Amino acid sequence: MLSYQHIYHAGNLADVHKHALLACALDYMTQKPKPLSYLETHSGRGLYQLDAAEAVKTGEAEAGIYAVSEWFAPEHPYARALSKVRDQHGAAAYPGSPVLAASLLRREDRLHLAELHPRECEALHEAMFMSGAKVYQQDGFEMAQAVCPPTPRRGVMLIDPSYEIKTDYATIPASIAKLNRKWNVGVIALWYPILIDDSHVSMIDALLARDLPGALCHEVRFPPARDGHRMVGSGMFFVNAPFGLEEECKRLDQLFAAL
């Protein structure tokens with residue numbers, strides 16, 4: 001449960017997919033002059049240095065954001081977040097989802113971030129110190145159920161587990177349905193890996209069978225980062241998907257297909 005550390009995978013192609021869509025969702029949500037809440041269940045340390053030994057060892061960032069940065073024009077919200085974080089923390093800095101969200105949100109918005117791993121949670125506190133975020137060293141699903149519906153009620157939740165706990169695939173659909181019942185206006189975004197054994201299929205089938213409002217499922221495929229690597233794609237499932245997100249999905253389809 002506590003072994004996963006995202007530094008080995010930060011900035012990989014799955015992060016590019018996830019963070020591009022998350023940035024577009026937040027950009028749309030912040031266009032209205034109403035405050036919102038951002039919740040994240042598996043936050044990691046929040047900020048990564050891609051020249052760290054762990055990141056260099058796997059080469060996933062090299063095959064990820066470093067290889068495809070030209071996909072995103074300077075005005076794209078993902079590119080804006082990357083630029084802001086690099087200006088503040090150096091050229092090798094890469095924002096995890098909490099830092100990316102904080103870079104796009106406004107002073108009136110509220111952040112609730114859960115991270116169970118003790119060292120990662122300590123680093124998350126440091127990374128988010130100036131953001132006003134509330135950080136919980138707690139199981140992310142428990143935090144989400146306890147906080148929902150948040151104040152303000154408008155908002156976005158990212159559920160981004162490592163899937164080291166294999167029962168996540170079976171329990172997540174019911175958890176998301178319960179969250180939607182409690183927080184029917186919330187945008188809920190679930191990230192999941194596409195592995196060579198297609199572990200995700202039954203979970204997505206169960207989510208689609210629940211007929212959740214504004215459901216949007218988007219998947220991309222890409223070459224494995226190295227020989228023997230089991231992840232060959234990335235998926236995002238949205239409840240109450242924001243307007244315009246389908247267009248970014250179509251754009252990403254073309255870009256990932258050309259890899």
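This is a predicted model: local features need pLDDT of at least 70, side-chain atom pairs count only at pLDDT 80 or more; totals for chains, interfaces and linings use all residues.

Strand E4, residues 110–114, and strand E5, residues 134–136, run parallel, and three bridges join them. How does the chain get from E4 to E5? It goes by way of helix H6, residues 118–127, and the three elements make a right-handed β-α-β unit.

E4 has another partner. Strand E1, residues 37–40, pairs with E4 in the parallel sense, over four bridges. Here Tyr38 stands opposite Leu111 in E4. Is E4 mostly covered or mostly open? Mostly covered: four of its five residues are buried.

Now move along to strand E7, residues 187–195. Nine of its nine residues are buried, so the rest of the structure largely encloses E7. Why do I care about the two faces? Because in a regular strand the side chains alternate between the two faces of the sheet. So check each side of E7 in turn. On one side, Val187, Ala189, Trp191, Pro193 and Leu195 are buried. On the other, Ile188, Leu190, Tyr192 and Ile194 are buried as well. Both faces are covered.

Which strands pair with E7? One of them is strand E6, residues 155–159. E6 and E7 run parallel, joined by four bridges. Val156 stands opposite Val187 in E7. Between E6 and E7 the chain passes through helix H8, residues 168–182, and this β-α-β crossover is right-handed.

Another partner is strand E9, residues 231–239. This pairing is antiparallel, with eight bridges. Look for Tyr192, which stands opposite Gly235 in E9.

What does Leu190 touch, leaving aside neighbours within four places in sequence? The contacts are Ile159, Pro161, Tyr163, Ile172, Ile176, Met203, Leu207, Gly235, Met236 and Phe237.

The largest nonpolar core has 86 residues. Which members touch the most others? They are Tyr38, Tyr78, Ile176, Leu190 and Met203. Helix H1, residues 13–29, gives this core its largest share, 10 residues.

We've met some of those names already. Tyr38 is the residue opposite Leu111 in E4. Ile176 and Met203 are among the contacts of Leu190.

One thing to take away: E7 is covered on both faces, with E6 as a parallel partner and E9 as an antiparallel one. Thanks, that's my part.

Terms used. Residues are numbered from 1 along each chain as its sequence is written. Side-chain values use heavy atoms; hydrogens and water are left out. A nonpolar core is a set of buried Ala, Val, Leu, Ile, Met, Phe, Trp, Tyr and Cys residues joined through side-chain atoms within 4.5 Å. Buried means under 20% relative accessible area, exposed over 50%, partly exposed in between (1.4 Å probe, protein chains only). Helices (H or I, at least four residues) and strands (E, at least two) are DSSP runs, numbered from the N terminus. Contact means heavy atoms within 4.5 Å. Two strands pair if DSSP finds at least two bridges between them. A crossover is right-handed if, with the strands pointing away from the viewer, the path from the first strand over the helix to the second runs clockwise.
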